[in-house]
Amino acid sequence: MTASNITYPKKLYVIHHSHTDIGYTELQNTIERWHADFIRQAMAITGKCQSDPKIKSQFKWNCESFWAVEKFIEQASPEEISRLKNLLRSGNIGLSGSYLNLSELLDYDTLYKTIKRAADFGDSIGLPVDSAMTADINGYSWGFSQALHDNGVKNLFTCIHTHHGMFPLGKRHAPFWWETPKGNTILVWNGEHYHYGNELGLVPAAVSSYIIKDECDADMIYNDHWSVAKIRIPRLFENLAKAGYPYGFVPVMASGLRSDNAPPNARIIDFIERWNREFGDRYQVEMITLSEYFTILRKQPVDIPTYRGDWPDWWSDGTASQPKFTKIFRQAQRNLRYYNYLLKNYPDLLRQNTNQVEYALALYSEHTFGHAGSMQQPWNFLHHNIESRKQAYAVTAYEESRRLLDDSFGTLGETDLKTDIPLCYKIINPLDRDVRGIARLIVKDFEYYELKLDKGAEVRSKDSDISLAYQTAPTEMGLAYCTYVELSAGEEIILEILPVQSLASAEGYRPNKSTNDSVSIETPFTKIDWRIGQGIISWYDKISKRELIRENSGHAPFTPVYEITPVDDISRICAVRGEMGLNRKGRDVRRSFGRLVDVQSIEKGDTLIRAILNYSIEGMSNYQVDLKAYANEPRVDIAVRFNKHNNWEPENVYLALPFTTGDDKPELWLEKSGAIIRPRIDQLPETLIDYYSIQEGLAVVSENHGLTIATPDTNLIQLGDLEYGTRKLHDPDNPNPDNAHLYVWLMTNYWETNFAAGLGGFFEFRFSIVSDSNLNDAKKAIQLCRDINSGIQCFRLGKP
């Protein structure tokens with residue numbers, strides 16, 4: 001189709017907003033102040049335009065994130081708040097149901113509550129929030145669609161940034177119905193980059209050419225926005241018509257400056273007024289809000305396709321640039337979830353405000369992990385401050401969530417530190433299902449000899465007076481008495497540690513036997529074999545008589561894989577990263593694999609059988625795999641520890657997880673926020689299939705058996721080989737569910753902006769594996785991941 005047979009006039013809808021990118025261009029508190037003031041500026045521009053009879057066009061502003069509205073309300077006067085509400089009702093300012101541009105870290109409950117903040121505000125002023133927008137991020141967990149729908153948000157406008165990422169469905173400027181996990185639908189506009197309006201020349205002195213590459217040279221881009229607009233706006237409509245685009249309009253986003261976190265720009269109205277006078281018979285330009293745009297879109301007599309499934313976010317890998325603090329975040333989120341379990345099981349507990357925890361979780365989950373220049377200048381003082389503030393969100397969430405638990409445990413009988421506290425412990429299960437695992441009864445080091453525990457001790461049930469088997473393990477400034485417990489739904493038990501005259505007379509205690517010359521550990525349920533030089537070579541389920549390591553898997557379980565992309569010219573430390581495209585490594589990446597060099601020790605007891613395996617690998621030292629096989633159930637806890645060396649070059653660290661059920665065609669299931677999915681099957685067309693951000697774990701499930709892998713500390717799962725190359729996308733007509741190559745992606749610094757430049761330091765990542773015929777249901781297997789990660793909660797009582 002040529003320009004001569006296009007029906008005119010066409011309409012260009014401009015959605016004016018500021019891309020919320022907290023910490024990317026300035027300190028977080030500065031950006032907070034800016035975004036609040038952007039609303040104030042937009043109100044002033046609107047008032048000026050309304051009072052000028054010469055201006056025919058309406059100025060409209062869209063609040064990209066509800067977070068900005070909250071910040072404005074916190075700082076504004078009552079008169080300003082009243083004026084904002086009036087402008088919202090009149091449609092001069094638009095609301096978005098999305099709180100921030102988030103990674104996939106948040107669990108469903110917290111994600112739902114962030115959207116509810118906007119929905120509740122809209123309801124309070126008689127203006128239901130029916131639309132949301134996001135910018136930059138490349139996808140969402142499937143549960144995001146459900147959280148939007150259940151909060152009354154029925155429309156989603158995406159502004160995908162395809163640097164190191166990609167849009168779904170193979171096209172932009174296109175709508176689709178996204179079916180939620182429960183079968184509802186929301187309408188999605190699969191949009192262009194959030195500065196696309198700037199690329200078209202709509203914003204004087206703020207034109208860019210980041211996406212569009214054409215004859216417009218630098219002089220035009222920086223000094224002649226009008227000429228740029230005359231070339232690019234007609235060409236946009238011509239190209240859309242050639243592609244069979246069915247609408248007589250197209251929406252574009254525009255920022256007030258050529259920058260993220262940009263203010264509103266009144267000069268857009270000047271442009272629109274002049275453009276419509278000169279070219280309005282063919283191409284009309286109009287400012288519009290999100291809600292108005294979707295009202296227009298829904299009225300069009302065009303069939304819109306429906307798609308169902310997950311929308312993996314290419315940018316979710318930012319979490320692995322801060323692995324220590326992502327671990328803290330995940331525990332904080334788990335603490336909050338456990339607190340809510342307590343409230344449900346103990347209705348007399350004081351219900352405290354959880355807003356501070358949820359806010360800190362949301363701010364850490366926001367998609368930006370550092371300043372734009374963090375990779376170019378990793379020594380920069382501003383960059384260090386921004387990174388520290390980002391990390392502090394995770395720490396704040398943990399501290400506040402821990403306070404909620406401590407207050408609750410105090411109500412349930414936990415004692416503060418005092419002298420002469422009895423060795424009496426309460427173990428609780430606030431869940432609506434049975435749990436089992438190891439309870440750790442902590443004795444401080446200053447108590448151990450004072451209470452004569454060095455001569456012997458028993459762990460006894462206060463209720464049944466039964467002596468329990470236990471093992472001891474060193475812990476922070478003390479000793480943990482580890483005993484296996486099983487609790488039914490809502491059950492509490494009380495255990496006590498009693499000194500005895502000698503270890504020989506202590507019921508339930510068997511001295512730990514240590515050795516370092518074995519090649520396996522074995523319980524009644526599991527046998528794990530290893531070989532020096534190769535690593536773990538067998539993980540055998542003795543009950544079902546099946547091998548749990550895949551054939552031809554390539555790497556042994558928990559073998560580390562280290563990658564580094566060389567940078568010969570330090571001036572190209574960022575350029576090398578930018579050239580990776582959809583890969584997370586360079587073409588000349590150097591890859592090495594861990595080698596098992598010795599066995600540090602093997603400890604055999606009645607509760608746990610433990611082995612510590614030492615590996616050597618490039619880029620790290622002191623790499624250990626600590627295996628703890630349970631004597632009472634088919635479970636193995638694994639802790640991987642290492643000292644990561646610091647490098648500026650692009651790096652990745654993976655762990656191999658080559659597990660299977662031993663049956664034909666087992667299915668891999670992942671827990672995403674608000675849904676469990678089969679990767680490379682349950683997802684939108686042409687979306688990411690290399691890696692996924694998960695919640696509490698994953699499971700391999702077949703008809704008669706299941707294997708669950710709990711991942712409390714890390715969220716990224718990598719599928720397929722690790723080679724550099726053309727990235728494949730999901731093809732529903734030819735799915736590729738082959739999960740032979742399964743890894744945990746522990747850390748990365750591949751991005752040229754906002755990631756931490758160096759990954760050095762000491763780390764520990766924990767995992768738990770359970771193999772059982774009862775886990776042949778994916779929901780049950782994933783639920784076990786959650787229960788394992790919640791752990792057995794145990795606290796010291798002030799009196800027996």
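This is a predicted model: local features need pLDDT of at least 70, side-chain atom pairs count only at pLDDT 80 or more; totals for chains, interfaces and linings use all residues.
**Exercise 1. Check the span of helix H16 against its number of residues.**

Solution. Step one: H16 covers residues 778-790, which is 13 residues. Step two: take 1.5 Å a residue, times one less than the number of residues. The helix should therefore span 18 Å. Step three: compare with the model. The end C-alpha atoms are 19 Å apart, which agrees.

**Exercise 2. Describe the start of H16 and list the buried residues of the helix.**

Solution. Start with Asp777. A side-chain oxygen of Asp777 comes to within 3.2 Å of the backbone nitrogen of Lys779. Now apply the cut-off: buried means under 20% relative accessible area. The buried residues of H16 are Ala778, Ala781, Ile782, Gln783, Cys785, Asp787, Ile788, Asn789 and Ser790.

**Exercise 3. Work out the edges of the open sheet of five strands.**

Solution. Write the order: E14-E13-E17-E11-E38, with antiparallel pairing. Look at the ends. E14 (467-468) and E38 (793-796) are the edge strands, because each pairs on one side only. Then take one pair. E13 (residues 457-461) and E14 are antiparallel and share two bridges. Val459 has Leu468 of E14 as its bridge partner.

**Exercise 4. Identify the residues that touch the most other members of the largest nonpolar core.**

Solution. This core has 201 residues. Trp178, Trp539 and Phe558 touch the most other members. Helix H11 (residues 323-345) gives the most to the core, with nine residues. A second, separate core has 22 residues, including Val576, Leu688, Leu722 and Tyr750.

How values were computed:
Residues are numbered from 1 along each chain as its sequence is written. Side-chain values use heavy atoms; hydrogens and water are left out. A nonpolar core is a set of buried Ala, Val, Leu, Ile, Met, Phe, Trp, Tyr and Cys residues joined through side-chain atoms within 4.5 Å. Buried means under 20% relative accessible area, exposed over 50%, partly exposed in between (1.4 Å probe, protein chains only). Helices (H or I, at least four residues) and strands (E, at least two) are DSSP runs, numbered from the N terminus. A polar contact is a pair of N or O atoms within 3.5 Å; within protein, one must be able to donate a hydrogen and the other to accept it, and residues adjacent in sequence count only if both atoms are side-chain atoms.
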